[in-house]
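This briefing is for a reader meeting the structure for the first time. It goes through a few selected places, grouped by topic.

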Amino acid sequence: MNETLIVIASKEEFEGLFPEVPAESALESPVAVESLYDVFICGVGVLEFSANLAFILSKKQYKRVIQLGICGAYYGHDLQLCDVVRVDSEILGDMGVQDRNGHFVPWSEVSGESITYAGESPWNLPLGLASLKSVAGVTVSCSTGTRYLSLRRSGMFNADVESMEGAACFAVCRRFGVPAFQFRAVSNIATDRDVSAWKIPEALSALKSAVLCPEYFS
């Protein structure tokens with residue numbers, strides 16, 4: 001068994017990164033890619049991703065987990081389409097309450113509990129991965145679709161990008177005592193929703209080139 005587990009949320013992302021591996025197999029259990037790493041599709045969203053990752057880590061021991069995927073970059077954060085970033089922290093962006101005036105209040109302000117999760121120190125990575133741009137992420141269940149919400153979320157949480165699973169990966173791995181890292185490529189700017197402007201295949205290609213170098217895992 002390989003020492004590194006690479007996890008991906010969706011079948012679409014997986015097929016863009018590992019076209020040589022049958023996605024149906026990776027949905028059932030981790031699949032070894034030569035003697036480099038195992039790959040596994042955990043599912044989209046915090047709930048599905050957490051349940052499947054926890055199940056795998058309860059069955060097999062890994063020395064590290066690496067999460068790969070695409071993300072939306074918040075408006076005005078100097079990130080371009082297809083930029084590859086290392087997400088070092090995640091905060092739960094739509095967990096909270098609505099007050100009587102209709103304003104969203106983050107759960108941390110309601111409960112006093114932290115809703116921020118961090119990955120392992122990049123100093124434990126090969127230089128090529130440790131030198132990638134570090135960003136802060138927001139994990140959401142409902143993706144941003146307006147410029148207003150992009151500015152609101154990025155300002156409220158001091159974040160650069162958003163995804164739907166980042167915090168789940170860090171939280172589960174922390175519970176199992178497994179170092180976790182997250183790398184993503186910007187597929188879209190999280191502003192007024194325009195799917196025609198997204199660059200998903202191109203972002204996945206950039207992510208694969210930047211992160212999945214065999215020398216990083218041999």
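This is a predicted model: local features need pLDDT of at least 70, side-chain atom pairs count only at pLDDT 80 or more; totals for chains, interfaces and linings use all residues.

With which side chain does the side chain of aspartate 38 make a polar contact? The partner is the side chain of tyrosine 62, at 2.7 Å.

**Aspartate 38**
- Aspartate 38 lies in strand S3, which covers residues 37-41.
- Its relative accessibility is 4%, so aspartate 38 counts as buried.
- Beyond its neighbours within four places in sequence, aspartate 38 is in contact with several residues, among them Met1, Asn2, Thr4, Leu5 and Ile6. The contacts also include Pro30, Val31, Ala32 and Tyr62.
- Glutamate 215 is 177 residues away from aspartate 38 in sequence, while their C-alpha atoms are 15 Å apart in space.

**Cysteines**
- The count of disulfides is 0.
- A disulfide is a covalent bond between the sulfur atoms of two cysteines.
- For cysteine 42, the closest cysteine sulfur belongs to cysteine 169 and is 7.4 Å away, which is too far for a bond.
- For cysteine 173, the closest cysteine sulfur is again in cysteine 169; the distance is 4.2 Å, also too far for a bond because the cut-off is 2.5 Å.
- Cysteine 42 counts as buried at 0% relative accessibility, and cysteine 173 is buried with a relative accessible area of 0%.

**Helix H3**
- Helix H3 runs over residues 46-59, 14 residues in total. From first C-alpha to last it reaches 20 Å, close to the expected 20 Å at 1.5 Å a residue.
- The buried residues in H3 include Phe49, Ser50, Leu53, Ile56 and Leu57. Seen down the helix axis, the buried residues of H3 fall within an arc of 140 degrees, so they line one face of the helix.
- An α-helix has 3.6 residues a turn, so residues three or four places apart point the same way.
- The exposed residues Leu47 and Lys59 are on the face of H3 turned away from its buried side.
- The cover over the buried residues of H3 includes strands S1 (4-8), S3 and S4 (64-74), and helix H7 (166-176).

**Strand S5 and its partners**
- S5 pairs with strand S9 (residues 133-139) in the parallel sense over 7 bridges; here valine 85 has lysine 133 as its bridge partner.
- With strand S11 (residues 180-190), S5 pairs in the antiparallel sense over 3 bridges. Valine 84 has alanine 185 of S11 as its bridge partner.
- S5 and strand S8 (residues 116-118) run antiparallel and are joined by 3 bridges, with isoleucine 91 opposite threonine 116.

Note on methods. Residues are numbered from 1 along each chain as its sequence is written. Side-chain values use heavy atoms; hydrogens and water are left out. Helices (H or I, at least four residues) and strands (E, at least two) are DSSP runs, numbered from the N terminus. Buried means under 20% relative accessible area, exposed over 50%, partly exposed in between (1.4 Å probe, protein chains only). Contact means heavy atoms within 4.5 Å. A polar contact is a pair of N or O atoms within 3.5 Å; within protein, one must be able to donate a hydrogen and the other to accept it, and residues adjacent in sequence count only if both atoms are side-chain atoms. The expected span of a helix is 1.5 Å times one less than its number of residues. The arc is that of the directions from the helix axis to the C-beta atoms. Two strands pair if DSSP finds at least two bridges between them.
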